[in-house]
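Please examine the sequence and the structure shown below.

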Amino acid sequence: MKKFIASVLALVCVLGLCACNTKEDVNKQILPLEKVNECTQEELDEKLIGVSREDLLGVWGKPDGHLNGFWGELWQLTSKKGEHITVYYDENGIVENVLIIDFSE
């Protein structure tokens, strides 16, 4: 019986460690702002939709602007003056849509 209990506890510990996801791990997975222009819209959607606002701010820093009427923020991209990435959040602060917009055109 002791072996069974020890085995179950060991399994629970291993599963617990496997399920751990630290902030550092999450931040490593988020696309750096400098790499946004290298991605297609499909890749941006794949890499950013589902990310929390808190985690995105942790990697990208303070946004350059906020939206009115929708919950979203924008960051200026360094490649072209006037080019921004706009991120829209759902009611829980999770990215639900991403657009690159060029305001200079």
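A residue is called buried when its relative accessible area is under 20%, and exposed when that value is over 50%. The model considered here is a predicted one.

With these terms in hand, one may turn to helix 4, which covers residues 53-60. Which residues of helix 4 are buried? They are Asp55, Leu56 and Trp60. Viewed down the axis of helix 4, these buried residues fall within an arc of 115 degrees, so they line one face of the helix. An α-helix has 3.6 residues a turn, so residues three or four places apart point the same way. On the other side of helix 4, Glu54 and Gly58 are exposed. Gly61 follows helix 4, and its phi is positive, near 85 degrees.

The strands come next. Strand 1 comprises residues 65-66 and runs antiparallel to strand 2, to which it is joined by two bridges. Within this pairing, His66 has Glu73 of strand 2 as its bridge partner. Five residues lie between the two strands of this hairpin, and Gly69 there adopts a positive phi near 95 degrees.

Strand 2 itself spans residues 72-76 and is mostly covered, since four of its five residues are buried. Strand 2 also pairs with strand 3, residues 83-89, in the antiparallel sense, and five bridges connect them. In this pairing, Trp75 stands opposite Ile85 of strand 3.

Strand 3 is in turn joined to strand 4, residues 95-102, by seven bridges, and these two strands run antiparallel.

Is Thr86 buried or exposed? Its relative accessible area is 2%, and the limit for a buried residue is under 20%; Thr86 is therefore buried. Which residues are in contact with Thr86, if its neighbours within four places in sequence are left aside? They are Leu67, Glu73, Leu74, Asn97, Val98, Leu99 and Ile101. Among these contacts is Glu73, the residue of strand 2 that was named above as the bridge partner of His66.

Notes. Residues are numbered from 1 along each chain as its sequence is written. This is a predicted model: local features need pLDDT of at least 70, side-chain atom pairs count only at pLDDT 80 or more; totals for chains, interfaces and linings use all residues. Side-chain values use heavy atoms; hydrogens and water are left out. Buried means under 20% relative accessible area, exposed over 50%, partly exposed in between (1.4 Å probe, protein chains only). Two strands pair if DSSP finds at least two bridges between them. The arc is that of the directions from the helix axis to the C-beta atoms. Contact means heavy atoms within 4.5 Å.
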